[in-house]
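Welcome! Let's take a friendly walk through a protein model, one feature at a time. Have a look at the picture, then read on.

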Amino acid sequence: RRATQVLYKDFFERLTYPKLGDVKIAQIKFSDIALLHYGLRKTPITANRVIASLSTLFSWCERSGFRPRYSNPVQGVERFEEKSKERFLSPRELARLGIALARAERNQSESVYAIAAIRLLMFTGCRRNEILELQWQDISFDKAMLLLSETKTGARPVYLSAPALSVLARLPRLKNNPFVIVGEKDGQHLINLRKPWLRICKVARLRDVRIHDLRHSFAS
């Protein structure tokens with residue numbers, strides 16, 4: 001799936017390559033993987049997902065002849081315990097977030113598309129990649145709805161509130177780019193919302209809030 005590709009690419013470029021990028025694939029040992037995993041202990045869920053993606057990679061390397069059979073260095077790495085973490089923004093926190101987004105828009109300190117993506121996540125309860133990969137053809141303004149064709153649960157409609165419709169109506173459309181949330185590369189959507197999100201959270205004085213928590217808050 002496209003969303004999985006984006007996630008694995010982020011894991012590799014941001015977390016794995018800086019630690020193991022100079023080591024040949026056949027020379028990576030159990031201790032290298034265990035050390036990488038331990039270094040991500042403050043984010044146990046991410047640490048476990050990184051290890052899982054690497055396990056898949058090394059299995060492919062074995063089948064392709066880049067490593068001996070049954071030499072997957074991930075085998076035996078004990079995963080961290082994962083505790084479900086739900087965070088709901090209070091009305092005051094949502095108000096501060098709204099003010100921070102308005103300030104960023106006024107000062108042009110963030111891309112209009114990054115700001116719109118965060119607002120759409122607040123107003124629709126969609127997952128991050130459902131918004132980042134949204135195309136104009138997926139939107140029906142007449143019916144006030146999105147029709148998402150590729151989600152974790154299959155195709156599904158998302159009904160749009162007046163604030164969500166307003167965000168979409170004000171967004172500039174770029175020629176030759178089918179995506180609603182435009183990225184830096186021609187014809188592509190925004191890939192990394194994390195850095196703008198962290199900057200917005202700092203201005204809004206929000207602590208320990210993930211992008212996914214906007215989905216929880218919408219649902220509540």
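## Two loop residues with positive phi

Let's start in the loop between helix 4 (91-107) and helix 5, where Gln108 sits. Helices here are DSSP runs of H or I with at least four residues, numbered from the N terminus. Gln108 is not a glycine, yet its phi is positive, near 55 degrees. Most residues other than glycine have a negative phi. Gln108 is also exposed, with a relative accessible area of 68%. (Exposed means over 50% relative accessible area, buried under 20%, and partly exposed in between, using a 1.4 Å probe and protein chains only.)

Arg205 also has a positive phi without being a glycine, at about 60 degrees. You will find Arg205 in the loop between helix 8 (194-204) and helix 9 (213-219). With 58% relative accessibility, Arg205 counts as exposed.

## About the model

Keep in mind that this is a predicted model, in which local features need pLDDT of at least 70 and side-chain atom pairs count only at pLDDT 80 or more, while totals for chains, interfaces and linings use all residues. Residues are numbered from 1 along each chain as its sequence is written, and side-chain values use heavy atoms, leaving out hydrogens and water.

## Helix 5 against helix 7

Two packed helices are described by the angle between their axes and the distance between the axes. For helix 5 (residues 112-124) and helix 7 (residues 162-170), the angle is about 160 degrees and the axes are 9 Å apart. (Axes are lines fitted to C-alpha atoms, for helices over the stretch in contact, and angles run from 0 to 180 degrees between N-to-C directions.) That makes helix 5 roughly antiparallel to helix 7. The cut-offs are under 35 degrees for roughly parallel, over 145 for roughly antiparallel, 65 to 115 for roughly perpendicular, and oblique for the rest.

Which residues of helix 5 meet helix 7? They are Ala116, Arg119, Leu120, Phe123 and Thr124, and their partners in helix 7 are Pro163, Ala164, Val167, Leu168 and Arg170. Contact means heavy atoms within 4.5 Å.

Not counting residues up to four places away in sequence, Ala164 touches Leu120, Phe123 and Thr124.

## Helix 1 against helix 2

Helix 1 (residues 2-20) and helix 2 (residues 30-39) pack at about 135 degrees, and their axes are 11 Å apart. That makes helix 1 oblique to helix 2. Leu15, Thr16, Lys19 and Leu20 of helix 1 make the contact with Asp32, Ile33 and Leu36 of helix 2.

## Aromatic pairs

How many aromatic pairs are there? The count comes to 2. (Rings of Phe, Tyr and Trp, the last by its six-membered ring, pair if their centres lie within 6.5 Å; planes under 30 degrees apart count as stacked, over 60 as edge-to-face and the rest as tilted.) Phe12 and Tyr17 form a tilted pair, 5.7 Å centre to centre and with 55 degrees between the planes. Phe12 is partly exposed at 42% relative accessibility, and Tyr17 is partly exposed at 44%.

The rings of Trp60 and Phe66 have centres 5.7 Å apart and planes at 25 degrees, so this pair is stacked. Trp60, at 44% relative accessibility, counts as partly exposed. Phe66 is partly exposed too, with a relative accessible area of 45%.
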